[in-house]
Amino acid sequence: MRKDKAHFVAFVGVMAALIFVLFLLEGAVLSPVGMTACILSLPVAIAVSIYDDLKKSFVGGTLLGVCSCIFCLIFSAFIKYANPLVSVLPRFCIGVTAYWTYLGLSRLFKKVKNRFVKEVLPAALAGIVGSLTNTVLYLLAVAICDGRAADALTAIMGVAVTIYFPIELAACAVLVPIYVKALQKVNHTLLNKKQPQPLAAAEAEKSE
């Protein structure tokens, strides 16, 4: 069945608004300590990227990057991170790595009868991979733009031992499977929604 593009555009708009609101919430809570952990927005972005097909795997990460860029423009304390090469480009890859992880594990476990292993585990591990992709590429982009490419590895290891990075990983592992299941149900409902009958067919039925 051909997917309704209007539904997809509306869906992207709703997800963009949701991610932006969550990003603002995270920023409002954590900006006083000089960081913005994507505890709520990142799992949504990853779920949006992996719930459907490869063609849409870049959508979630890109939306997160755009929301991050807008957030940094609004709050001048983070203005240097508004550079799209830092805020958007690294996050473009989040959904791609997460999608292939999810697809590969789903195919690997497709014959397994245990529901957790078959459905939840692939999404949870995809969430972890997406979170790692976000952190590693984002820090690399920041280091390169700051002229500190040689210190990039040190920066990555430094963040890896902080509090919020493990929390991000845990949040993605727990929330992504929940979000993916919800999005798949919504997508299934929209695709299988009864379409109105063509006028000619309706008139034919009435004449019988």
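This is a predicted model: local features need pLDDT of at least 70, side-chain atom pairs count only at pLDDT 80 or more; totals for chains, interfaces and linings use all residues.
**View 1. An edge-to-face pair formed by Phe 23 and Phe 71.** The ring centres of Phe 23 and Phe 71 lie 5.2 Å apart. Their planes stand at 70 degrees, and planes over 60 degrees apart count as edge-to-face, so the pair is placed in that class. Phe 23 belongs to helix α1 (residues 5-30) and Phe 71 to helix α3.

**View 2. The contact of helix α2 with helix α3.** The axes of α2 (residues 41-50) and α3 (residues 59-74) cross at roughly 145 degrees and come within 6 Å. On the α2 side, Ser 41, Leu 42, Ala 45, Val 48 and Ser 49 take part, meeting Val 59, Gly 60, Gly 61 and Leu 64 of α3. Five of these residues are nonpolar and four are polar, while none is charged.

**View 3. A nonpolar surface patch of about 370 Å².** Phe 58, Leu 85, Leu 89 and Phe 92 make up the patch. Of these residues, Leu 85 is located in helix α4 (residues 84-87).

Conventions
Residues are numbered from 1 along each chain as its sequence is written. Side-chain values use heavy atoms; hydrogens and water are left out. Axes are lines fitted to C-alpha atoms, for helices over the stretch in contact, and angles run from 0 to 180 degrees between N-to-C directions. Helices (H or I, at least four residues) and strands (E, at least two) are DSSP runs, numbered from the N terminus. Contact means heavy atoms within 4.5 Å. Ala, Val, Leu, Ile, Met, Phe, Trp, Tyr, Cys and Pro count as nonpolar, Asp, Glu, Lys and Arg as charged, and the others, Gly among them, as polar. Patches are made of residues with over 30% relative accessible area and no salt bridge: like charges are joined within 9 Å, nonpolar side chains (Val, Leu, Ile, Met, Phe, Trp, Tyr) within 5 Å. Accessible areas come from the Shrake-Rupley method with a 1.4 Å probe; for residues, only the protein chains shown count as cover. A salt bridge is a side-chain nitrogen of Lys or Arg within 4 Å of a carboxyl oxygen of Asp or Glu. Rings of Phe, Tyr and Trp (its six-membered ring) pair if their centres lie within 6.5 Å; planes under 30 degrees apart count as stacked, over 60 as edge-to-face and the rest as tilted.
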